[in-house]
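Thanks for making time for this.

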Amino acid sequence: MSWLPDGTVYGTLLNLRSEFDALAPQMHEPPYAAPPRAPVLYIKTANTFSPAGTAIAVPSNVPEVEIGATVGLVIGAGGEVRGCVLMNDLSVPQAAFYRPPVRFKCRDGFLGVGAEVRETDPAEVQIEVRINGELRQTVRFDALLRPPAQLLADVAEFMTLAAGDVLMLGCAAPRPRARAGDRIELRSAALGTLAHTLVAETP
């Protein structure tokens with residue numbers, strides 16, 4: 001039986017250097033006029049959870065979706081990390097990331113969740129993103145702007161993570177894109193394989 005979160009899942013923006021650098025020019029524009037000083041988080045609601053191996057429906061008005069290969073830190077008792085899980089943070093393509101609209105991030109099924117939680121060092125995780133068998137991206141987590149321990153500490157300054165919550169480490173840019181009919185595989189020696197097929201949403 002596939003594992004699913006029983007708490008809140010939080011995504012982290014701008015934590016991989018490639019994404020930070022890609023959006024750096026926007027950081028000096030109004031209304032912020034500077035890079036963020038604290039972690040930029042968003043929520044993936046429970047309706048987005050898709051167990052490993054299931055089909056994910058893509059709305060007819062969305063020609064492509066962005067694939068967000070990432071690692072989720074699963075929080076245990078006392079706020080400690082009890083393990084890591086492979087996640088595919090799907091999103092409708094968008095230009096601005098500071099306040100991503102819910103309709104882009106939280107569509108039904110838009111978070112692929114790995115089948116199991118494993119104990120591993122996130123810094124040693126590497127994810128291959130394949131679409132229809134073709135390698136489209138390789139993501140590493142050994143050079144985060146905020147490594148896991150720092151990210152957890154910085155988040156703890158303004159909110160408490162409870163047992164069962166998941167904190168995603170972030171995604172690399174540019175994100176590969178896929179469309180209905182494509183098979184997506186996230187492969188990691190440390191965390192296994194997370195596969196989904198995108199299908200057209202039925203009216």
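What is the order of the strands in the open sheet of five strands? Before I answer, please keep in mind that this is a predicted model, in which local features need pLDDT of at least 70 and side-chain atom pairs count only at pLDDT 80 or more, while totals for chains, interfaces and linings use all residues. Residues are numbered from 1 along each chain as its sequence is written, and side-chain values use heavy atoms, with hydrogens and water left out.

The order is β4-β14-β13-β9-β10, and the pairing is mixed. On terms, helices (H or I, at least four residues) and strands (E, at least two) are DSSP runs numbered from the N terminus, and two strands pair if DSSP finds at least two bridges between them. The edges are taken by β4 (55–58) and β10 (134–140), each of which has a single partner strand, so one side of each is left without a neighbour in the sheet. From one strand to the next the twist averages 25 degrees, where axes are lines fitted to C-alpha atoms, for helices over the stretch in contact, and angles run from 0 to 180 degrees between N-to-C directions.

Strand β13 (residues 183–188) and strand β14 (residues 192–200) are antiparallel and share six bridges, and R187 has T193 in β14 as its bridge partner. Strand β9 (residues 126–131) is likewise joined to β10 by six bridges in the antiparallel sense, with R130 standing opposite L135 in β10. β9 and β10 form a hairpin that has two residues between them, and N132 in that turn has a positive phi of about 55 degrees, although N132 is not a glycine.

Staying with β10, is V139 buried or exposed? V139, which is found in strand β10, is buried, with a relative accessible area of 1%; here buried means under 20% relative accessible area, exposed over 50%, and partly exposed in between, with a 1.4 Å probe and protein chains only. Not counting residues up to four places away in sequence, V139 touches L16, A69, V125, Q126, I127 and A172, contact being defined as heavy atoms within 4.5 Å.

A52 and G112 are 60 residues apart in sequence, yet their C-alpha atoms are 6.5 Å apart in space. Leaving aside neighbours within four places in sequence, the contacts of A52 include V113, G114 and H196.

Now to β1 (9–13), where five of five residues are buried. Both faces are covered, with V9, G11 and L13 on one side and Y10 and T12 on the other. Five bridges join β1 to strand β2 (residues 40–44) in an antiparallel arrangement, and Y10 has I43 in β2 as its bridge partner. With β11 the pairing of β1 is parallel, over two bridges, and there V9 is the bridge partner of V166.

Two backbone details deserve a careful look. Most residues other than glycine have a negative phi, and most peptide bonds are trans. L14, in the loop between β1 and α1 (17–27), is not a glycine and has a positive phi of about 60 degrees; L14 also counts as buried, at 8% relative accessibility. A173 and P174 are joined by a cis peptide bond, with omega about -5 degrees, and P174 is placed in the loop between β11 (166–168) and β12 (177–178).

Finally, how many disulfides are there? A disulfide is taken as a pair of cysteine sulfur atoms within 2.5 Å, and by this rule the count is zero. For C84, the closest cysteine sulfur is in C171, 15 Å away, which is too far for a bond, and C84 is buried, with a relative accessible area of 1%. For C171, the closest cysteine sulfur is in C106, at 13 Å, again too far for a bond, and C171 is buried as well, with a relative accessible area of 3%.
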